[in-house]
Every structure is written in C-alpha cells, then in structure tokens.
Amino acid sequence: MTGMEEYHNGNEGSFSSEEADAIVKECIESVIGGDDYNQNQVNKWTATIVERCLTQLVRQGKPYKYIVTCAVMQKTGAGLHSANSCYWDTAMDGSCTVRWENRTMYFVVSVFAVAIA
Amino acid sequence: MDDYQTEEEESAFVVEESVEATIGRNTYQHNRVNQWSTSVVEQCLGQLGKLGKPFKYIVNCIIMQKNGAGLQTASACFWDNSTDGSCAVRWENKSMYCIVNVFGLAI
C-alpha cells in the first residue's frame, strides 16, 4: 500500500475544485476551440458544455448532486458581472468557477457540488 | 395569505423583489456593479433562508450592460427530480440586464 494510493482513497468522497476546474477547461476547449462568436451556434455550445461537464463530473462516482452553469458573452466592450451565493454545508459542499476567453467571446462556467446526506 | 403553486414561483417572487430593491432605479456603473451583484445574491439568499424550508440554495446573478452584445446562459443539474428545482428570473431596465438563477436542493 503506497502513500499515494492512500491519499487518493482519502479524497474519494470530497469535492475537488482542481479536478472540476480541469474537467471544465477540457470541455470548453473541446467544444469551442478556436471558433468565433456565432449567434446561431451559441445555444448549442452552452448546452453541450454543461451536459458534457455534468457527465464527466458524475463519472467520478462521488456522492454529490451537481449543478453546472455556463454564460457566454460576445466581446463588444460591454461589462459583465457574475456573483454566486450558497446556503449549504460548508464542510462538505463546494464550487468552482472557470473563466475562459478567446478572441471573440468570454465564458464563465460554474460547478456547484452538494453532498448527498 | 400568499399562496404559490410551487416552490419555484415563490422563489421567483422573492428574487424579483430583491433585484428591484437592490438595483431597480440604478444606471449601469462599472465601479458599482460588483457591489450590486453581491447585494442581489445576498439579499435573495437571505430572503430564501427566511422561508424556512428544508433546502440548500445556490443563487447565481449575472449583470450585463446593454450595449448590443449577445449573452447566452445554460445550466445542467444532476439531482433528485422529485425534490429539487430551480428558477430563472430575467430582469432589465434601460441600461442593464440582470439574470438570477436559484437552485434549491432538498436536504
């Protein structure tokens, strides 16, 4: 039994913000990559991103309910502010927010994980 | 006295009131928006908590200046369909849009 294995086993049941961050970034890049903002496609992109992130998170097999939200905004100089507030069990529940951009648009994806009792 | 069909309707009402009270009469101002979005979520969460229901809540607020940009939001949830729910409230005035999402998860 190696030290590394024990560390991973200890974390099985808790929410890892770093892992979620990596999952989200990978999903965004695989769906959008180098595409430019396109009003006709945006609907499909956001739906695909949230669904793909959710599937990857659930695949981790942890005892959590998940909420994934995604906001995409075209770069035209407008200001955008996003805030989140959560009423939950701070010991068990967690969230992670990823900000991503390319030449023509901004993405803000948030993952919320709520422990199942 | 106030009778709502569902939890979602009640939450939507609470959110609309909170947004109106916080930013109702204001014009988009870059240096104040941070404070406004924080106030909106805190106010909504406070009012929802006061309802005294056995739920954990997540409140998300987006404020965007009106200048012709396109904005798209989406969310996906992995939860218990029979007990959990969400509601989205879209609000606007002459200078900005405000979108608030409330997610309620049964304890």
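This report describes the sheets, helices and cysteines of a predicted model with chains A and B.

## Overall make-up of chain A

Chain A contains three helices and four strands, and, read from the N terminus, its elements follow the order α-α-α-β-β-β-β. Of the 117 residues in chain A, 44% are buried. When contacts in chain A between residues at least 6 apart in sequence are considered, 70% of them join residues at least 24 apart.

One open sheet in the model is built from four strands in the order 3(A)-4(A)-1(A)-2(B), and its pairing is antiparallel. Its edges are formed by strand 3 (94–101) of chain A and strand 2 (71–78) of chain B, each of which pairs on one side only. From one strand to the next, the twist averages 10 degrees.

Strand 4 of chain A is mostly covered, since 10 of its 11 residues are buried. Strand 4 of chain A also pairs with strand 1 of chain A, again in the antiparallel sense, over 11 bridges, and here Ala71(A) stands opposite Val108(A) of strand 4 of chain A. Strand 1 (residues 64–74) of chain A is in turn joined by eight bridges to strand 2 of chain B, the two running antiparallel, and in that strand of chain B the bridge partner of Ala71(A) is Thr73(B).

## Helices of chain A on this sheet

Helix 3 (residues 39–59) of chain A packs on the sheet, where it touches strand 1 and strand 4 of chain A as well as strand 2 of chain B, and its direction makes about 25 degrees with that of strand 2 of chain B. Helix 2 (residues 17–31) of chain A lies across strand 3 and strand 4 (105–115) of chain A, and it runs at about 35 degrees to strand 3 of chain A.

## The sheet with three strands of chain B

Another open sheet of four strands has the order 2(A)-1(B)-4(B)-3(B), and its pairing is antiparallel. The edge strands are strand 2 (80–87) of chain A and strand 3 (85–92) of chain B, each pairing on one side only, and the twist from one strand to the next averages 10 degrees. Across the two chains, strand 2 of chain A pairs with strand 1 (residues 55–65) of chain B in the antiparallel sense over eight bridges, with Ser85(A) standing opposite Val59(B) of strand 1 of chain B.

Helix 1 of chain B lies across strand 1, strand 3 and strand 4 (96–106) of chain B, running at about 30 degrees to strand 3 of chain B. Helix 2 of chain B lies across strand 2 of chain A together with strand 1 and strand 4 of chain B, and its direction is at about 155 degrees to strand 1 of chain B.

## Two helices of chain B in contact

Two packed helices are described by the angle between their axes and the distance between the axes. For helix 1 (residues 7–23) and helix 2 (residues 33–50) of chain B, the axes come within 9 Å and cross at roughly 140 degrees, and the crossing is right-handed. Among the residues that make the contact are Val14(B), Val15(B) and Ser18(B) of helix 1 of chain B, and Trp36(B), Val40(B) and Cys44(B) of helix 2 of chain B. By class, this contact has nine nonpolar, six polar and no charged residues.

## Cysteines without disulfides

Over all chains, the structure holds zero disulfides. Cys44(B) is in no disulfide, and the nearest cysteine sulfur, which belongs to Cys61(B), is 7.4 Å away; a disulfide would need the two sulfur atoms to be within 2.5 Å. Cys44(B) is buried, with a relative accessible area of 0%.

Cys77(B) is partly exposed, with a relative accessible area of 25%.

Note on methods: Residues numbered from 1 in each chain as written. Chains lettered and ligands numbered in written order. Predicted model: local features only at pLDDT ≥ 70, side-chain atom pairs only at ≥ 80, totals over all residues. Heavy atoms only, no water. Pairing = 2+ DSSP bridges. Axes fitted to C-alpha atoms, helices over the stretch in contact; angles between N-to-C directions. Contact = heavy atoms within 4.5 Å. Left-handed = near helix turned anticlockwise from the far one by under 90°. Nonpolar A, V, L, I, M, F, W, Y, C, P; charged D, E, K, R; others polar. Buried < 20%, exposed > 50% of the residue type's maximum accessible area, 1.4 Å probe, protein only.
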